[in-house]
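Good morning, everyone. Please look at the model on the screen while I talk.

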Amino acid sequence: MYASIGGSRRPSVPRTSRLTRLAVLASTVVLSAAGLAVAATPSSAATCNGYVGLTFDDGPTGSTSALLSVLRANGVRATMFNVGQNVQSNQSAARAQVDAGMWVANHSWNHAHMTSMSQSQMQSDLSQTNSAIQSATGVRPQLFRPPYGETNSTLQSVAASLGLRQVIWDVDSQDWNGASVSQIVSNASRLQAGQVILMHDGIQNTRDAIPQIVANLSSRNLCPGMISPSTGRAVAPDGTPPPTTPPPTGTPTTPPPTGGCTATATTPNVWGDRYNTSVTVQGASNWTVVVAVTAPQRIVTTWNGSPSWDSTGYVMTMRSNGSGNTFGFTTMMNGNSGARAQVRSCTAG
């Protein structure tokens with residue numbers, strides 16, 4: 001059986017958990033109780049001007065040990081989005097992920113289409129998976145990736161109530177779709193700082209692509225890092241966010257006062273493919289606010305203001321039109337699920 005996601009088709013049976021967050025270490029990192037060490041490659045250790053999240057879904061599998069060997073050999077750590085029933089039936093492999101320095105996360109109990117579940121069923125599914133992972137590894141997950149990337153407000157609310165940050169992906173490696181090693185490497189080359197790539201446990205081509213992926217990242221001064229449970233974006237392995245890390249969903253962003261007014265943005269609604277931003281202006285009834293979104297996101301709908309855009313299409317200038325001091329807009333994520341719109345300035349008059 002197959003399920004549709006983003007216009008492509010992928011097997012609907014559980015694969016391998018999708019949260020492999022690889023972190024190239026600035027020095028030798030001692031890995032948990034097993035005492036294994038991962039040595040960073042000199043080039044990646046020297047300059048890390050940004051971090052990306054390497055994630056592996058649907059594990060653990062019979063090939064998890066081989067995947068961990070490749071990751072260790074390349075001096076990186078990753079996030080493993082594990083399927084609960086796989087963890088329950090292969091606890092030693094799940095424990096090996098943590099012992100190898102990987103981060104473990106929740107990818108549902110059996111890779112079902114969760115948006116068709118009731119709220120109580122969602123709660124039971126994620127709770128059961130959390131318990132299985134914690135029992136096997138001693139680590140309580142902080143991240144959740146919905147199977148097939150399918151989500152809704154109810155699922156996000158349930159996940160949040162269990163202390164889980166939802167993480168989709170910015171780049172799809174297409175390894176689940178039979179991509180060759182070169183295609184996986186090419187897809188991964190699109191990764192930018194803060195972004196997350198979807199890969200899978202149990203796929204030979206994916207394991208073979210890892211050395212080239214890491215080399216490409218290093219050539220661009222990017223390093224594998226962890227996924228922040230606060231923002232869902234890739235940060236340094238110790239959790240230190242880069243200056244450009246976007247704020248978490250719903251967090252107000254207010255620029256310094258410029259020209260007699262301030263504008264505060266919040267994100268009241270988030271769906272699987274888009275989100276709404278509400279901006280409240282204080283200090284002026286006639287105002288101009290500049291807002292920016294992160295490529296490839298696009299603003300598609302606005303209300304309570306008169307908008308215009310710069311030549312890139314990513315920076316919007318909104319002017320008051322007599323509809324009050326609150327305006328809003330809808331942004332399509334276009335694969336960038338973690339970034340949120342930012343207010344750049346507010347000018348009175």
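In α7, V181, I184, V185 and A188 meet N205, T206, D208, A209, Q212 and I213 of α8. Meeting here is contact, which means heavy atoms within 4.5 Å. Helices (H or I, at least four residues) and strands (E, at least two) are DSSP runs, numbered from the N terminus.

Before going on, some ground rules. This is a predicted model, where local features need pLDDT of at least 70, side-chain atom pairs count only at pLDDT 80 or more, and totals for chains, interfaces and linings use all residues. Residues are numbered from 1 along each chain as its sequence is written, and side-chain values use heavy atoms, with hydrogens and water left out.

Back to the pair. Two packed helices are described by the angle between their axes and the distance between the axes. Axes are lines fitted to C-alpha atoms, for helices over the stretch in contact, and angles run from 0 to 180 degrees between N-to-C directions. Helix α7 covers residues 181-188 and helix α8 covers residues 204-219; they pack at about 45°, with axes 8 Å apart. That makes α7 oblique to α8. The cut-offs: under 35 degrees is roughly parallel, over 145 roughly antiparallel, 65 to 115 roughly perpendicular, and the rest oblique.

Helix α8 has another partner. Helix α2, residues 64-73, packs with α8 at about 5°, and their axes are 10 Å apart. So α2 and α8 are roughly parallel to each other. From α2, A66, L67, V70 and L71 meet R207, I210 and P211 in α8.

Now a strand. Where does T331 sit? T331 belongs to strand β21, residues 326-332. Is T331 buried or exposed? T331 is buried, with a relative accessible area of 0%. Buried means under 20% relative accessible area, exposed over 50%, partly exposed in between (1.4 Å probe, protein chains only). Leaving out residues up to four places away in sequence, T331 touches D273, R274, Y275, V293, Q297, R298 and I299.

Next, the whole chain. There are eight helices and 22 strands. Of the 349 residues, 53% are buried.

Last, confidence. pLDDT is the predictor's confidence in each residue, from 0 to 100. The chain averages 83, and 81% of the residues score at least 70. Residues 1-46 have pLDDT below 50, yet this stretch has 187 contacts beyond near neighbours in sequence. Residues 253-258 are also below 50, with 18 such contacts. Where pLDDT is low, the predicted coordinates should not be read in detail.
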